[in-house]
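Welcome, and thanks for taking a look at this one with us. Please open the structure below and keep it in view as you read.

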Amino acid sequence: MEEQFSVRLEKLKKIIELGITPYPYRFESTMRFAEIIAKFKDHNAEDLKETAQELSCAGRILAIRSMGKSTFMHLFDGEDKLQVYIRKEMISEKNFELNNLLDIGDIIGVQGTVFKTHTQELSILVSEITFLSKSFHPLPEKWHGLQDKELRFRQRYLDLIVNPETKQIFRKRSQIIQHVRAFFHDRGYIEVETPMMHPIPGGATARPFVTHHNALDIDLYLRVAPELYLKRLLVGGMEKVFEINRNFRNEGISLMHNPEFTMIEFYELYRDFNDYMNLSEELLLTLNRELLPDGTIQWQEQKINMAPPFKRVKFMEAISEKTGLTIEQLWDEGTVNGHIKKHFPEESLPPTFGKMLELLFDFYVEKTLIEPTFVTYYPKVISPLSKTSRLDERETERFELYIAGMEIANGFSELNDPLEQRKRFEEQLRNRERGDDEAQLIDNNFLQALEYGLAPAAGEGIGIDRLVMLYTGAPSIKEVILFPLLRPKE
C-alpha cells in the first residue's frame, strides 16, 4: 500500500510539473451519464457521427485499457458507468502526457463527442481532459470486489464507489423517510424537534449515554426517546405532532441494534392504541404500494405478505402458547422464576418479574413472528408509560408490531393520570434498586406537565432503520446505517 501511495504521489508531482492545477475549484458538466445514455443509446453510429454533439462530463476512473496512442477508460459518476476513448491525435500533447499519468480511482472531466464503437458501446471521443483529483490508493479488487463487511462499514465511501447495491439501499432509505414524513404531513401532523440532551433520561427502558455540561456543571444524557417532551406538547394543545430523529441507547451491538439509531415518534390527542394500530396498517399499506410490486417482501428465504389487516395476539397468550404455561401461571412470579431456572440454567436470573416475562417472550415468541403481527396488552410491570387496559388491570393498552421476527413499532394509549404515573415511576425506581439499570427515573418536570391536564392520547414509535431493513431485505442494521458504530482499530 505504501509503495502504491509513493508511485501515485510521484505521478501527481509530474502532473503539477506539466502546469496542471491538481485540485481545481469546479468543473462544468453539461450532462450526467444517465442523461447521455438515455438520449443517445438508440442512435446508430452513423447518426451520432453526423450530429457529433459536443458535451462535457466527469467521473471516477474504474478501468483503464491503454494501447500506446489510444486509451479506453470506464468512468463512474456515482450512478452510472460510461466509456471514454482517448486518441493521441485528438488531444493536446499536454493532455496526452496527463493521460499517461492517470490511475484507476482518479477523477477527471472530459469534453468530447458521443459515438459508438464497433461493438456498439456508447462512448465519448475525448477532445480534452481536465484533471480533477488524484486517488493515492487503488480501488479494492479492480473496483468491483469489496466483500469484507467490516471494511465496507469502516470505509463506506469505498463501499459506495464499488458496490452499486449499497447506494440503492440508501436511495430507498431516503425514499422511505420522505414517504413517512409526507404521510404524517398529509394527515395534519406538525413536525417538531425536541432536545437531544436530557437532564433526566426517560421515555424508554434503556441505559443512557451520559455527558457533562461544563458551564452549568451538570450531567446530561443523550436521549433514549423523545416521548416525554412530545407529550408535553400535547399538554400544550398541539393536537398532532411527530419527530424523525436520533435516539441513543448504551446497549449491545447486534444485527438488530446500533447504539445510535433513527426513529419516528408520533402522537395525537383523542386517540387510543386501537386507532394507532389501524394507522400503522395504513402507513405500511401506502409504503407497500410505492415499494412492493406484488405486496410481498423477500426476507431471506421467506416471502412475507404485507397486506393488512395484520394478525393480533395478546402478549401473555403468545408466551402461554409457546411455553405450555397457563395465563394464570404466567402471572405468578414464583412459577415463572422456576421455569427460567429449569430451562435457562446458564442464564442469570433477571432482577424483576417484568424482565423475566420479557426473557420468555424474547426467547420463545419474538423470532416466530414472521408475518406482520401486533402483540397487544403488555403487562403493566413492563409498560410504565401506558394506560391501564380496560379488560385486565394487570395489563396495559400497548402494542408492538413485529415483522420478520423484528420489533418494528411500539405504541400505546398514553397514561395521562399524573398520580398513577408517579406510582409507576416509583415502581421503576424500586426496580432500579433491584438491579434493573434500564428502569426509568422520576421526571418531576414531566409529572408537573401532566398535572396541568393531558387529554386522552395515543403515541407510537417506529424504528426507521429496521423499516429500511425490512423493505431492502438487509440482514443487518449496519447495512442500512451509513456509518454504524464499530470498535476502533488498534
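The model is predicted. We begin with K134 and N288, both of which count as buried, and then turn to the packing of α10 with α13 and of α14 with α15.

- You will find K134 in the loop that runs between β5 (122–133) and α5 (149–154).
- The relative accessible area of K134 is 7%, and because the cut-off for buried is under 20%, K134 counts as buried.
- The side chain of K134 has a polar contact with the side chain of D103, at 2.7 Å.
- A polar atom of the K134 side chain also lies 3.1 Å from the backbone oxygen of L101.
- Leaving aside residues up to four places away in sequence, K134 touches R8, K11, L12 and Y23, along with L101, L102, D103 and D106.

**N288 in its helix**

- N288 sits in helix α9, which spans residues 273–291.
- With a relative accessibility of 6%, N288 is buried too, since that value falls under the 20% cut-off.
- Beyond residues up to four places away in sequence, N288 touches M306, A307 and Y471.

**Helices α10 and α13**

- Helix α10 (residues 315–323) packs against helix α13 (residues 353–365) at an angle of about 60°, and their axes are 9 Å apart.
- The crossing of α10 past α13 is left-handed.
- On the α10 side, F315, M316, A318, I319, K322 and T323 take part, and they meet L357, L360, F361, Y364 and V365 of α13.
- The residues of this contact comprise 9 nonpolar, 1 polar and 1 charged.

**Helices α14 and α15**

- Helix α14 (residues 418–433) and helix α15 (residues 444–451) cross at roughly 160°, with axes that come within 9 Å.
- That angle is over 145 degrees, and α14 and α15 are therefore roughly antiparallel to each other.
- In passing α15, α14 makes a right-handed crossing.
- From α14, the residues P418, Q421, R422 and F425 meet N444, F446, L447, L450 and E451 of α15.
- By type, the residues of this contact divide into 5 nonpolar, 2 polar and 2 charged.

Terms used:
Residues numbered from 1 in each chain as written. Predicted model: local features only at pLDDT ≥ 70, side-chain atom pairs only at ≥ 80, totals over all residues. Heavy atoms only, no water. Helix = DSSP H or I, 4+ residues; strand = E, 2+ residues; numbered from the N terminus. Buried < 20%, exposed > 50% of the residue type's maximum accessible area, 1.4 Å probe, protein only. Polar contact = N/O pair within 3.5 Å; in protein donor to acceptor, adjacent residues only side chain to side chain. Contact = heavy atoms within 4.5 Å. Axes fitted to C-alpha atoms, helices over the stretch in contact; angles between N-to-C directions. Left-handed = near helix turned anticlockwise from the far one by under 90°. Nonpolar A, V, L, I, M, F, W, Y, C, P; charged D, E, K, R; others polar. Parallel < 35°, antiparallel > 145°, perpendicular 65-115°, else oblique.
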